[in-house]
Amino acid sequence: MATEQTTTAKNPSITIVIGTLDRLSVISSLIAEIETFSKNIPLELLVIDQSTQENFQKLQEQFPKKTFFQLVHFEEANTCKYLNYGWQNASAPIVLYLDDDVSLSEQTIKAHLDAYTEQSVLAVAGRVINDGEEISTESPVGKIRWYGAI
């Protein structure tokens, strides 16, 4: 059974869904990045915590009290269930799934939104940059049409 702390944004342009499990400092850092880099973007944030009740309560105490942030607790960890929950409860037309251990740039959220300005784009995939890799600025996101990636 999911426990919810609910408040949502009016007309967000993007919903960000993050699942987390026993990583309070990691998810807290990501939430701070989202807050910093999305000041002018109307968004909704759904964080699905799959930790113990004790760890969930710690996260709940630190969780920002913002009108567009929602914190949900699942008793049992289940990736498919939290992904589906995010999709079914998103109020924005665009859903961005993030792992809790990612690091954002100032352009991450905007780049995802901008990719959807082309009507033929149905999905967008971010880049994975592993430790030690050179970072290219040529293509911030990959666009996907019904017939494949472009």
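Predicted model: local features only at pLDDT ≥ 70, side-chain atom pairs only at ≥ 80, totals over all residues.
Asp49, leaving aside its neighbours within four places in sequence, is in contact with Thr20, Phe56, Leu59, Leu71, Val72, His73 and Phe74. Asp49 belongs to strand β3, which covers residues 43-49.

Which side chain of opposite charge is nearest to Asp49? That side chain is Arg23, and it is 9.4 Å away. Asp49 is therefore buried without a salt bridge, given that such a bridge requires a side-chain nitrogen of Lys or Arg within 4 Å of a carboxyl oxygen.

Asp22 lies in the loop between β2 (14-20) and α1 (24-37). The phi angle of Asp22 is near 55°, which is a positive value in a residue other than glycine.

My last topic is helix α3, residues 79-89. The buried residues of this helix are Tyr82, Tyr85 and Gly86. These residues lie on the same side of α3, because they cover an arc of only 100° around the axis. In general, an α-helix has 3.6 residues a turn, so residues three or four places apart point the same way. On the other side of α3, the exposed residues are Cys80, Trp87 and Gln88. Finally, at the start of α3, a side-chain oxygen of Asn78 comes to within 3.1 Å of the backbone nitrogen of Cys80.

Note on methods: Residues numbered from 1 in each chain as written. Heavy atoms only, no water. Buried < 20%, exposed > 50% of the residue type's maximum accessible area, 1.4 Å probe, protein only. Helix = DSSP H or I, 4+ residues; strand = E, 2+ residues; numbered from the N terminus. Arc of directions from axis to C-beta. Polar contact = N/O pair within 3.5 Å; in protein donor to acceptor, adjacent residues only side chain to side chain. Lys, Arg positive; Asp, Glu negative; His and termini not counted. Contact = heavy atoms within 4.5 Å.
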